[in-house]
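Hello,

Here is the structure I promised to pass on to you. Have a look at it first, and then read on for what I found.

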Amino acid sequence: MSKKIAVLPGDGIGPEIVEQAVKVLKALGCDFEMEYADVGGVAYANHGHPLPEATLKLAKESDAILFGAVGDFKYDHLERHLRPEQAILGLRKALGLFANLRPAKCFKELTSASTLREEVVSGLDLVIVRELTGDIYFGTPRGRRTAPDGNFPGAPEAFDTMRYTVPEVERIARVAFEAARKRRGKVTSVDKANVLETSRLWREIVHRVHDADYADVELEDLLVDNTAMQLINRPADFDVVVTENMFGDILSDEAAQITGSLGMLASASLGDGVALYEPSHGSAPDIAGRGIANPLAQILSVEMMLRYSFGMGEAADDIRRAVTEVLDAGWRTGDIKDAETPADKVVGTAKMGDLVVEHL
Ligand code: IPM
Ligand code: MG
């Protein structure tokens, strides 16, 4: 049966890396129907809104979403509800994509590309399970007003609201424990329970779910500031890290960077229906259109799509194998090369896509 994929390239390097991922999808020879739509800044430019109705409709009707990236300095002047970022936030909310899986793995071939010492990052293989539709990102009320109290009563102020309900914490905790069972059996739950009410609830519920249904999984609690430190200190000790939306945003960038493979990391956003797959890096507008961006994270997001949305484990393994072979053969894009990479092994976006297709 034909699967429909919504292809949303977006801004910056999005279009050029998505093109490579689409090449790979086509090379698999399966019956995929791909339909493109504008999203992010380009959608604002063409249709006056970062997430046009037609794009959302397509996303809802599809079996999976291949998302590139959104954001460009060009749109920095826009009001918040028109900014490109609202497209991805809107999709997460409208599609109920509450679980964001962000694997951070140090590819053996790339240990020398990390800014940390090789012996620290070698073996790094963790996944951040980030709650994606709650927390201060979406909490209301929010806005601007005259401060009713605080340090400067009567002064103009801005405010956001951090909120979590019990079922929101329960369902994300389950995703983390299930993931841990398929991995090394350890969950680190990250919060700020020494200060925040939401975090105290978070910790209580994670433990309740654990004790009731996942006692076989090892569970540790870690405060978010300490986690930021331990990720640099002993990154290879982490297996599954489950955390609130905002903390997950910050820690996932940190985890991705220390692998030295930021351009290699894919992510999946899952809910109860259609899922969305995107690279962990952003739109990199500074290098957009130059054909030098690394398409591997986008290609590996196809791997995740095949695995999680289509149950095509073998095809997913094939993509991973092809990517590994290309790296083993020494091919690098600019972001993952090191001092020893010969100049003739440094390739651009399209060539990297072609190499993966050849190895498939
Ligand atoms: C991410 C991004 C988004 C977020 C932005 C683009 C809204 O940083 O996916 O991590 O903050 O969630
Ligand atoms: Mg982020």
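A word on terms before the details: two strands count as paired if DSSP finds at least two bridges between them. Helices (H or I, at least four residues) and strands (E, at least two) are DSSP runs, numbered from the N terminus. The model is predicted, so local features need pLDDT of at least 70 and side-chain atom pairs count only at pLDDT 80 or more, while totals for chains, interfaces and linings use all residues. Residues are numbered from 1 along each chain as its sequence is written, chains are lettered from A and ligands numbered from 1 in the order in which they are written, and side-chain values use heavy atoms, leaving out hydrogens and water.

**The sheet**

With that settled, T188 is found opposite V241 in β10. This belongs to the pairing of β8 (residues 186-191) with β10 (residues 240-243), which is parallel and has four bridges. On another side, β8 runs parallel to β9, joined by six bridges, and V187 sits opposite L219 of β9. Buried here means under 20% relative accessible area, with exposed over 50% and partly exposed in between (1.4 Å probe, protein chains only). By that cut-off, six of the six residues of β8 are buried: K186, T188 and V190 point one way, and V187, S189 and D191 the other.

β10 also pairs with β5, in parallel and through four bridges; there R130 stands opposite T243. β5 is joined to β4 by seven bridges, this time antiparallel, and A104 has L126 as its bridge partner in β5. Six of the seven residues of β5 are buried.

Stepping back, the whole is an open sheet of 10 strands with mixed pairing, in the order β2-β1-β3-β12-β11-β4-β5-β10-β8-β9. Since β2 (32-36) and β9 (218-223) are at the edges with a single partner strand each, one side of each has no neighbour in the sheet.

**Helix α4**

Which strands does α4 touch as it packs on the sheet? Helix α4 (residues 85-94) touches β1 (3-10), β3 (64-69), β4 (99-105), β5 (125-131) and β12 (275-279), where contact means heavy atoms within 4.5 Å. Its buried residues are A87, I88, L89, L91 and R92, and these pack against α3 (53-61) as well as β1, β3, β4, β5 and β12. After α4 comes G96, with a positive phi near 65°.

**Ligand 1**

The residues around ligand 1 are E85, R92, R102, R130, Y137 and D249, each having a heavy atom within 4 Å of the ligand. In the side chain of R92, an N or O atom is 2.7 Å from an oxygen atom of ligand 1. For R102, a polar side-chain atom is 2.7 Å from a ligand oxygen, and for Y137 the distance is 2.6 Å. All of this uses polar contacts, that is, pairs of N or O atoms within 3.5 Å; within protein, one must be able to donate a hydrogen and the other to accept it, and residues adjacent in sequence count only if both atoms are side-chain atoms.

**A loop residue**

Lastly, A147 lies in the loop between β6 (143-146) and β7 (156-159). A147 is buried, at 7% relative accessible area. Beyond its neighbours within four places in sequence, A147 contacts F152, P153, G154, A155 and E157.

Best wishes

Technical notes:
Axes fitted to C-alpha atoms, helices over the stretch in contact; angles between N-to-C directions.
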